[in-house]
Amino acid sequence: PPVSKENYSHVVQVAVGKEHGLLLTDEGAVYSWGGRNDHGQLGRATWLEASMQEPAPIIERLKTEVIVQIACGAEHCLALSQKGSLFAWGYNKAGQLGIGLTANSKGKELNVRLPTPVVIDGDPSIVVRSCSCAPESSACVTSRGEVYVWGAISYFLFSNGARYNGSENCTKPVKLRGVPPEVCTGYFDCPFCPDQVAICREQIACTIAPQKLESDLLSYISSLKGRSSQLLAMTRGNRSRKHGGARSAAVDAFSGEDVKNLSEEFKRQSAELDKRVEELDNARKACAGELIRIGRELMVCDQQDTALTESAADLEMNADGGHGQNSRTQLNDINHFKSANKRGKLQLLAQRDEKERENLSLTQEFTDVVQKRSQVEALSNLIAALQRGELTSKNSSSSDEGLKIADAKRKELAATHPQELAGMGRFSGLREVLSISDRALHDISSALREVSANASGGDGAVLEQVLEANLKLRKEINTHIQAKLNQAEGRGNPSRENAGMNQFFLECAAPDDHQLGFDGLALPDGRRPSSDAQASAGGGGGWAWGSAARPLA
């Protein structure tokens, strides 16, 4: 019907039944109309055909309510208020109104002509979130994410009433026990729960939404922003094509608020990563300084051990010359000094191992942060190139070709990892694997220019930059493995006879309380001179390790 100029209400929802209909305005008012009102489906007292066929507001019991949702069955209706209260009216033959029904109810008792509150689970304080109708069924979702059904669908879903508990029946809302009230999706901090419900005869379906209203509103706002950005980009693109400016369209499409926010986010991440790189670099330098200090102290211990050994040898010669008692006393003192020196050396070795592990952890974190910073910078550069319009549709084919080549180089870089190579072929040792990995990295390094040559515009430089950062990290890994291998094998320090793991095993095999003596002379406590004294005096012995340490000829 025509609307008067004084009526500024807008229709926000419409629902129709078998021979009646409802509409909801933005003011929260419900209007009804239809060809029949024999079961009270219009929710108002009218029997004249003219008044039934013209939309009129339902005032009785809804005058003070702000309705936010309506639904129609074949001959019944539901209305949900802003407070979460649910109202029903119309035909109640199958219990679809949810207000209860007795076995002897007949005729007019089945017709509910005015909106009647529906009490969920016997608790009037339960807030309803949404509602739905089928021809002879009804359903709703509460604010707690629970789904209730009544009417014909309730009888069907509960195995023709066989699965009802206690006083449950199809004429009152019954909770579906198989629907989880919470679903964790990971998109928000809060879980999701059933939101909107729809039913049709013997079927029911629900949508899910954040359980907290704040998160639901944030999701809705984010969706609206996304649609607004898409519409804005399409509008600018159409305007630019209309004026013949394809490049301008590309620039405008990536000059929206979302792209600017993304660019600012990349800048913020880059600044945080720069700060973290500086902190890790300072920590690595401090750790390296500690390792240098420990190395100097270990060198002092070695020098003291050498000096004490030489002094012990001189005392042995003096003892042979007739000064035996005095030489033995001084030799015992030297033994105590050497024992204390060894304990100090072992403590320094333990400190060095701890610092080396700390340095390894810092180095690994440093390389990870540097790689992440390179990726963020590359993405930031890519966004800047898109905003400048350097990546347009004219060179999309060359960009695709550059991406294919870049992906191939990335796979080649991944294949150069020593762990990957070691499992792909038969090698004589780790050094051969490292040698092949280094040669492969060198070949890939010389071929990276192929990426920028085949990808025109700014994307080629960005892709090449990312690959170069990856290549640098691969080389650092190989260098670190090589250094550890040299340390384990005792290479790179020819001035020391027993280095690397050999030195470690010798130190572990040596007894803690061994003392120096000379060949053929018993010590004051009755023990024989230890084998390391024989070796230092030119005896040419050594130590074996196993169940018991013993001198080797």
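**Helix H9 and onward**

Analyst: Helix H9 (residues 430-446) has 17 residues and reaches 25 Å from its first C-alpha to its last, close to the 24 Å expected at 1.5 Å a residue. The expected span is 1.5 Å times one less than the number of residues, and helices (H or I, at least four residues) and strands (E, at least two) are DSSP runs numbered from the N terminus. This is a predicted model, in which local features need pLDDT of at least 70 and side-chain atom pairs count only at pLDDT 80 or more, while totals for chains, interfaces and linings use all residues. Residues are numbered from 1 along each chain as its sequence is written, and side-chain values use heavy atoms, with hydrogens and water left out.

User: Which residues of H9 are buried?

Analyst: Val-433, Leu-434, Ser-437, Leu-441 and Ile-444 are the buried residues of H9. They cover an arc of only 95 degrees around the axis, which puts them on the same side of H9; the arc is that of the directions from the helix axis to the C-beta atoms. Buried means under 20% relative accessible area, exposed over 50%, and partly exposed in between, with a 1.4 Å probe and protein chains only.

User: And which residues are exposed on the other side of H9?

Analyst: His-442 and Ser-446 are exposed there.

User: Switching to salt bridges: how many does a search of the whole structure find?

Analyst: The search finds 17 salt bridges. The criterion is a side-chain nitrogen of Lys or Arg within 4 Å of a carboxyl oxygen of Asp or Glu.

User: What does Glu-272 form a salt bridge with?

Analyst: Its partner is Arg-268, and the closest N and O atoms are 2.5 Å apart. The two are four residues apart in helix H5 (residues 257-320), so about one helical turn separates Glu-272 from Arg-268. In general, an α-helix has 3.6 residues a turn, so residues three or four places apart point the same way. Glu-272 is partly exposed, with a relative accessible area of 44%, and Arg-268 is partly exposed at 39%.

User: Are Asp-302 and Lys-345 buried or partly exposed?

Analyst: Asp-302 counts as partly exposed at 25% relative accessibility, whereas Lys-345 counts as buried at 18%.

User: Which residues do salt bridges with shared partners join into one network?

Analyst: Glu-19, Arg-36 and Asp-38 are joined in that way.

User: On to the strands. What is the order in the open sheet?

Analyst: Four strands form the open sheet in the order S5-S6-S7-S8, with antiparallel pairing. Two strands pair if DSSP finds at least two bridges between them. Strand S5 (67-72) and strand S8 (111-118) are the edge strands, each pairing on one side only. Strand S7 (residues 86-91) is joined to S8 by five bridges, and Phe-87 stands opposite Pro-117 in S8.

User: Why is strand S10 described as largely enclosed?

Analyst: Six of the six residues of S10 (residues 137-142) are buried, so the strand is largely enclosed by the rest of the structure. Ser-137, Ala-139 and Val-141 point one way, and Ser-138, Cys-140 and Thr-142 the other way.

User: How does S10 pair with strand S9 and strand S11?

Analyst: Strand S9 (residues 128-134) and S10 are antiparallel over six bridges, and they form a hairpin with two residues between them. The bridge partner of Cys-133 in S10 is Ser-138. S10 also pairs with strand S11 (residues 147-151) in the antiparallel sense, over five bridges, and Val-141 stands opposite Val-147 in S11. The hairpin of S10 and S11 has four residues between the strands, and Gly-145 in the turn has a positive phi of about 85 degrees.

User: Last topic: which residues touch the most other members in the largest nonpolar core?

Analyst: Of its 16 residues, these are Leu-78, Leu-86, Ile-120, Cys-131, Cys-140 and Trp-150. Such a core is a set of buried Ala, Val, Leu, Ile, Met, Phe, Trp, Tyr and Cys residues joined through side-chain atoms within 4.5 Å. Strand S6 (76-81), S7, S8, S9 and S11 each supply at least two residues of this core, and the largest share, three residues, comes from S9.
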